[in-house]
Amino acid sequence: MDQPQLATRTTLTSQTGLEDLIPDLTDDTISFAGGLPDPAQFPKQAISDSFQRVLANNGLDALQYHNAKGYLPLREQLAERLDQENYQVNADQILLTQGAQQGLDLVAKLLLNKGDHVIVEAPTYVGALAAFAAYEPHYHEIPLESDGMDLVQLNKVLLTQKIKIIYTVPNFQNPTGIVMSLAKRQQLIELANRYNVIILEDDPYHYLRFVGETLPSLKSLDTQGRVISLGSFSKILAPGLRIGWLLAAEPLLKQIRYLKDGADLESPTLTQQVISDYLLHNDFDAHLEVLRKDYLQKRNWMLAALKQYLPAGFSYTQPEGGFFLWLTGPADLNFEKLLREQIAPQEHLLYVPSTHLYASNSVLNSARISYATYDQATIDLGVSKLSQALAREVSHSRAQ
Ligand SMILES: Cc1ncc(COP(=O)(O)O)c(C=O)c1O
């Protein structure tokens, strides 16, 4: 067959993936690269019990087509939970998606024509860049400070460009672990109101704060219906269930529902009913508390190992929740080259280099490190190997 002529969007979508960067894993590979939750924390038995109950009690209904909005009892359960945090959404303002990832795609599809202007944090979530790429946007990167986006820079861009979406991960940002402060959340809403921009709040780590106070979501601070907020069961129950949620005001939500009809008709009813049953029969808050304790412990192990082994000239964030910290080295260090040529093939160790986490691919000297899946000994071993490789690289480049 002749090579089919692909749509122009594929030139962008094929550049965003990390697939060719991350080599095949050997048995002894330590991967700090993934954004995976710890499988030891999946409540496998309880989920299995819920599958059995749903199929036994409600099986024919759970196996039938329904609608794009999603299973009403689960939307009601979510609305009740979100109400406690003042989100002010009812079940009709919730759409159940195939993970937060589908929410990113649907919102981009809703708002972006080719060449439309989008604001992203620098660095940002690589999966958002992958989702947005299909709609061929023009990006403006806003540097992250220790308390969130640099709003002075943001204001400058808003003054001169017609922006369609401000995309942010306000809690334990992927990839840096940074949290946007309350003051910045409030100012961001004011700026979005002034310039009439939609904010896309991507918040899958919301319930994984293990230090400090939970801050109000952007959605709960919104008074004009301009925040679309994404949540997910992936990091707090199991990503294999592929269920997340999207919160938006009508009429945006209605249009998004039409797009979801076209994309996949609906999220899997069986898993929606299973999650609903799980929430009914289990103490979900107790489960969340266990997760927070576990990830805090892992973060502490990683911080301790970094403190012990990392050579001078490196800095890293100290996340208060979520899975990731952000490691930054000397300005001339190229984390991607180092990964490809030495750390992956020789040390059997992986991380995500910063290059792919900037819309501009412009920053080389940082990396995303996840502490979410390993025990203390493995974290210690991985960080010590990484640190030795970094120390060798730094002394080698000094010698040149
Ligand atoms: C910031 C962010 N948004 C969205 C997602 C996608 O999550 P889901 O499994 O809910 O699609 C992830 C997963 O890593 C993420 O880190």
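Predicted model: local features only at pLDDT ≥ 70, side-chain atom pairs only at ≥ 80, totals over all residues.
A polar contact here is a pair of N or O atoms within 3.5 Å. An N or O atom in the side chain of R242 lies 2.8 Å from an oxygen atom of the ligand. The side chain of S234 also takes part, with a polar atom 2.6 Å from a ligand oxygen. From Q101, a polar backbone atom is 2.9 Å from an oxygen atom of the ligand. On its own the ligand has 400 Å² of accessible area, and the protein covers 93% of this.

The ligand is surrounded by 13 residues, of which D202, Y205, S232, S234 and K235 are the closest. Helix α4, residues 99-111, gives the most to this shell, with three residues.

The strands come next. An open sheet of eight strands runs in the order β2-β9-β8-β7-β6-β3-β4-β5, with mixed pairing. Strands β2 (94-97) and β5 (148-149) each have a single partner strand, so they stand at the edges and one side of each is left without a neighbour in the sheet. The partner of β2 is β9 (residues 244-247), and the two pair in the antiparallel sense over four bridges. Within this pairing, L96 has W245 of β9 as its bridge partner.

Helices pack on the sheet as well. Helix α5 (residues 126-133) touches β3, β4, β6 and β7, and its direction makes about 165° with that of β4. Helix α6 (residues 151-160) lies across β3, β4, β5 and β6, at about 160° to β4.

An unreviewed UniProt entry lists residues 48-385 as "domain: Aminotransferase class I/classII large". Over these residues the chain is 45% helix and 17% strand, and the end C-alpha atoms are 39 Å apart.

Note on methods: Residues numbered from 1 in each chain as written. Heavy atoms only, no water. Pairing = 2+ DSSP bridges. Contact = heavy atoms within 4.5 Å. Axes fitted to C-alpha atoms, helices over the stretch in contact; angles between N-to-C directions. UniProt positions renumbered as here; feature names shortened; annotations may be inferred. Near = heavy atom within 4 Å. Polar contact = N/O pair within 3.5 Å; in protein donor to acceptor, adjacent residues only side chain to side chain. Areas by Shrake-Rupley, 256 points an atom, 1.4 Å probe, with all protein chains shown as cover.
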